[in-house]
Amino acid sequence: RVISKAAPNVSAFEFCGSATVEELVVYAQSGITHKWYASATSTTPLANNVILNSGIYYVSKVHYGCESLRSAVQVTIKDLPNSPTGASNQSFAEGSTVSNLITYPNHVVWYNSPNDAKSNTNQIVSTMPLVNGTTYYGVTIGTNGCASLPLAVTVGLTVDNSDFIKKNLKYY
């Protein structure tokens with residue numbers, strides 16, 4: 001077999017908050033793996049659990065036991081914005097919606113689970129009715145596009161008694 005020793009072509013990575021070497025995923029054909037290094041001349045690959053900092057890392061590809069030259073890859077770790085604040089238990093009248101949840105700041109994006117909040121998937125629309133006993137997870141989105149750590153808010157709903165007229169109450 002003739003294996004190319006050309007350095008892999010790998011794009012820069014951006015992460016929010018933190019990342020490890022394991023998250024530097026490079027998609028390649030079957031049988032090709034990648035090794036990450038802290039410098040162009042380092043002889044020891046980085047372990048998967050090494051925490052990354054913003055900066056340049058070096059990657060090589062391994063194919064049939066042959067290791068290629070290394071490419072320099074920029075890794076950027078972006079800061080997380082501050083999490084929203086608010087009461088962890090909130091009560092509302094039946095019929096209230098997600099937009100009624102009280103936080104500071106008030107421009108919060110809501111999710112049904114902490115995993116959805118972290119991965120920015122399955123966002124809840126603000127007009128969705130609140131469900132009694134449900135915990136919602138709210139994040140703020142920073143100017144760099146990163147989501148904060150989530151604020152968990154558990155909702156309690158009460159029956160609206162605004163139509164109740166005390167003088168019409170009959171008791172025996």
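Analyst: The model is a predicted one. A charge sits over a ring if NZ of Lys or CZ of Arg is within 6 Å of the ring centre and within 35 degrees of the ring normal.

User: Over which ring does the charged end of Arg70 sit?

Analyst: The distance to the ring centre is 3.4 Å, and the cut-off is 6 Å. The ring under the charged end of Arg70 belongs to Tyr37.

User: How far is the charged end of Arg1 from the centre of the ring of Tyr64?

Analyst: Arg1 has its charged end over the ring of Tyr64. The distance from the ring centre is 4.0 Å.

User: How many aromatic pairs are there?

Analyst: Rings pair if their centres lie within 6.5 Å. Phe13 and Phe15 form a stacked pair, with 6.0 Å centre to centre and 5° between the planes. Phe13 also pairs with Trp36, and those ring centres are 6.0 Å apart. The count of aromatic pairs is 2.

User: Why is the pair of Phe13 and Trp36 edge-to-face?

Analyst: Planes over 60 degrees apart count as edge-to-face. The pair of Phe13 and Trp36 is edge-to-face because the planes stand at 75°.

User: Which parts does that pair tie together, and how many residues apart are they in sequence?

Analyst: Phe13 belongs to strand 1 (residues 13–16) and Trp36 to strand 2 (residues 32–37). The pair therefore ties together parts whose separation in sequence is 23 residues.

User: Is Phe15 buried or exposed?

Analyst: Buried means under 20% relative accessible area. Phe15 has 12%. Its stacking partner Phe13 has 14% and is buried. Phe15 is likewise counted as buried.

User: Which strands stand at the edges of the open sheet of 4 strands?

Analyst: The strand order is 6-9-8-7, with mixed pairing. Strand 6 (89–93) and strand 7 (109–111) each have a single partner strand, so one side of each lacks a neighbour in the sheet. The edge strands are strand 6 and strand 7.

User: Which residue in strand 8 stands opposite Trp110?

Analyst: Strand 7 and strand 8 (residues 135–139) are paired in the antiparallel sense, over 3 bridges. Opposite Trp110 stands Gly138.

User: Which element gives the largest share of the lining of the largest pocket?

Analyst: The largest pocket holds about 350 Å³ of space. Its lining has 17 residues, with Cys16, Leu80, Lys118, Ala147 and Ser148 nearest the centre. The largest share of that lining, 4 residues, comes from helix 1 (residues 114–119).

Definitions and conventions
Residues are numbered from 1 along each chain as its sequence is written. This is a predicted model: local features need pLDDT of at least 70, side-chain atom pairs count only at pLDDT 80 or more; totals for chains, interfaces and linings use all residues. Side-chain values use heavy atoms; hydrogens and water are left out. Two strands pair if DSSP finds at least two bridges between them. Helices (H or I, at least four residues) and strands (E, at least two) are DSSP runs, numbered from the N terminus. Rings of Phe, Tyr and Trp (its six-membered ring) pair if their centres lie within 6.5 Å; planes under 30 degrees apart count as stacked, over 60 as edge-to-face and the rest as tilted. Buried means under 20% relative accessible area, exposed over 50%, partly exposed in between (1.4 Å probe, protein chains only). On a 1 Å grid over the protein atoms alone, a cavity is a set of points where a 1.4 Å probe fits but cannot get out, and a pocket is an open set with protein on both sides within 12 Å along at least five of seven lines; lining residues have an atom within 4 Å of a point. Grid points are joined across faces, edges and corners, and a volume is the space filled by probe spheres set on the points.
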